[in-house]
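Hi,

Here is the structure we talked about. My notes follow below it.

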Amino acid sequence: MKKFTTTLAALMILGSSSSFGDGHKVKVGMITTLSGGGSGLGIDVRDGFMLAVKGNKNISVITKDDQRKPDIAVQLADKMIQSDKVDVLTGIIWSNLAMAVVPATVNQGKFYLSPNAGPSKLAGKGCHKNYFNVAWQNDNLHEAAGGYANSAGFKNSFILAPNYPAGKDALTGYKRYFKGSLAGEIYTKLGQKDYAAEIAQIRASGADSVFFFLPGGMGIGFMKQFSQSGIKLPVVGPAFSFDQGILKAVGDAALGVKNTSQWSKDIDNDANKKFVKDFQSEYGRLPSLYASQGYDTGKLLISAMSKAKVKDMDKFRDALRKADFLSTRGKFSFDKNHHPIQDIYVREVIKEGKILTNKIVSVGLKDHSNAYVSECKM
Amino acid sequence: MTSILFFEQLLNGMQFGTMLFLMSAGLTLIFGVMGLINLAHGSFYMIGAFSAALIASLTGSFWLALLASLSGAAIAGVLIEIIIIRRLYRRDHLDQVLATFALILLLSEGVRWCFGAFPLYLDIPKNLNGTLPILDDIIYSKYRLFIIFMGLLIAIGLYILIAKTRLGIRIRAGQNDRQMISALGVDISKLYTIVFALGASLAGLAGAMIGAIQSVEVGMGEPILILAFVVIVIGGIGSIKGAFIGSILVGVTDTIGRIFLPEILKAFMEPASATSVGSSIGSMLIYILMALILIIKPSGLFGKT
């Protein structure tokens with residue numbers, strides 16, 4: 001009898017390890033910012049991703065809060081890789097955190113799908129076959145803003161961004177496309193909320209337009225103070241300062257501002273309509289571009305899982321590279337350095353009833369890739 | 001660089017300074033009277049801003065919102081003092097730091113739980129919108145002038161309170177000799193609650209006034225808390241006068257340095273690196289100032305040795 005039970009137990013163990021379907025399961029580790037300042041971005045990415053994978057029994061997700069601190073993100077990544085044995089990591093919002101986590105993750109043979117941060121280093125020399133960016137390369141939206149400034153006839157821009165890697169990427173991106181001259185160029189302190197001093201400089205500079213990249217709470221302060229200052233210059237910026245999560249806090253000061261984005265609520269395709277509708281009914285608020293990026297990341301993962309097992313890394317990577325999913329952005333493909341080729345739109349802040357939101361005005365850059373493809377040896 | 005721009009930046013520095021004063025006055029009073037290091041002071045700034053945003057969205061009145069920020073932060077201050085802070089007075093500073101740090105986390109997550117992770121909307125009243133011409137060529141934001149005015153008003157009010165009233169005498173006595181004043185029959189624990197609530201409400205008012213031109217969001221109080229600590233160290237811990245002078249000094253140094261340092265550096269180096277080096281040094285300037293003052297006066301400008 002005892003022999004029989006041991007055999008049975010052994011069989012069960014064998015059976016479970018070789019049971020079909022098991023290889024199709026994917027364990028996802030999501031590290032994102034869920035508390036403190038900037039948590040709105042992480043919450044949107046998480047909610048978008050969870051919406052995309054909702055009801056999919058083959059995906060299990062472990063979500064952890066990085067508190068916007070690089071050291072914590074690194075600890076979480078180590079734990080997820082070593083003890084939770086995740087196959088895929090995703091979720092990081094901030095470029096400095098991505099720089100701390102991504103290289104070690106992909107070198108340990110895990111996939112990393114970025115739903116937001118796209119620092120230039122990871123697109124150029126530091127690119128890796130296991131790293132895919134589903135959002136954009138950091139410079140992209142700013143390049144489109146520079147292109148828009150040309151078409152709007154701006155000749156003399158005043159530009160400002162926070163003094164950190166993504167801020168420098170931003171001004172580089174704008175200058176790469178903007179043909180006019182610069183009335184001034186300022187790096188502000190990261191996390192700065194009061195721009196009285198900078199606004200006084202803008203007033204004195206004789207600029208004909210203002211470009212700024214101040215994500216999250218920084219942009220709220222700037223827009224409100226700028227509109228109170230009585231300066232009547234046109235403002236252009238990337239979508240980060242005008243996304244759904246913060247428009248409410250900026251208020252009417254944002255009305256009419258042109259901003260550039262790879263996604264908008266009114267992009268006309270079925271996948272996007274379904275996403276906007278499902279997101280609203282699931283969470284009771286309008287989605288932001290961050291939510292769309294999280295959603296597309298989830299859909300990309302599902303598309304690859306239907307083609308290959310995650311343990312077969314080469315096949316799974318090929319499946320990811322094909323990007324064979326219906327993106328909320330419509331046309332979407334990966335360039336050689338695993339960053340998107342996509343249209344970037346110019347949007348305008350409008351009022352729909354009482355709610356501030358964005359509508360597409362034109363296509364800023366068509367089938368846009370990034371400037372770092374040639375630096376990537378992969 | 002024109003003199004107009006310089007004068008405007010000076011006003012900006014003043015405005016920043018008066019707001020810092022509202023934060024640091026409470027911090028320095030609480031430290032001076034009760035010997036408590038209160039890291040959670042920034043949370044009252046946040047509570048004030050959130051109470052104001054809530055009332056503004058319900059009533060539409062900015063003035064009611066300001067009132068709500070004062071009372072909201074004061075109520076929170078009283079509750080927290082009675083429930084938690086009271087137990088910390090006799091502990092050493094490390095325990096106080098740990099406990100009030102825990103309070104920051106609790107209050108931040110509590111506010112996020114109630115209001116959500118997204119920033120709230122709070123705007124300035126219509127009649128303070130726009131600019132006001134002062135002198136010939138200088139135009140300046142009405143609302144920022146209002147902030148400077150309020151800050152000065154409260155500074156005078158606090159001076160009268162501390163120097164001329166019975167409560168002020170008790171506060172000063174509490175600062176000098178805690179045991180003696182309680183031996184004389186003053187209800188010391190009530191006095192502590194009042195001082196703590198006063199400090200909290202000033203921070204709350206600052207949060208609401210600044211929240212209206214910046215953003216009302218979770219964690220907004222911590223960056224300004226650090227500056228408030230710099231201010232009270234410069235001014236001398238426990239001294240309201242020191243807090244006032246220190247605030248204006250820090251406000252003006254920070255604003256002027258941030259703007260003019262890159263301009264000055266442009267004379268020696270190429271513009272791009274001047275901007276980035278200048279803004280880096282600019283953000284260090286107040287700490288350099290603090291270090292210099294502490295070398296000359298180790299207990300701050302008006303601190304007791």
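How many Å separate the centres of domain 1 of chain A and domain 2 of chain A, taken over C-alpha atoms? The separation is 26 Å. The model is predicted: local features need pLDDT of at least 70, side-chain atom pairs count only at pLDDT 80 or more, and totals for chains, interfaces and linings use all residues. Residues are numbered from 1 along each chain as its sequence is written, while chains are lettered from A and ligands numbered from 1 in the order in which they are written.

First, the domains. Domain 1 of chain A covers 22-136 + 267-334, and domain 2 covers 140-261 + 344-374. These bounds come from an automatic or database domain assignment. Domain 1 puts 18 residues into the contact and domain 2 puts in 17. (Contact: C-beta atoms, placed from the backbone, within 7 Å.)

On the domain 1 side, α2 (39-53), α4 (95-107), α5 (120-123) and α12 (289-305) of chain A each give two or more residues. α2(A) has the largest share, three residues. (Elements are DSSP runs numbered from the N terminus: helices are H or I, at least four residues; strands are E, at least two.) This side has nine nonpolar residues, eight polar and one charged. (Nonpolar: Ala, Val, Leu, Ile, Met, Phe, Trp, Tyr, Cys and Pro; charged: Asp, Glu, Lys and Arg; polar: the others, Gly among them.)

Next, the chains. Chain A brings 32 residues into contact with 39 of chain B. On the chain A side, α2, β7 (181-188), α8 (196-205), α9 (217-228) and α10 (244-250) give two or more residues each. The largest share, six residues, is from α9(A). The chain A side divides into 10 nonpolar, 16 polar and six charged residues.

Best wishes

Terms used: Two residues are in contact if their C-beta atoms, placed from the backbone, lie within 7 Å.
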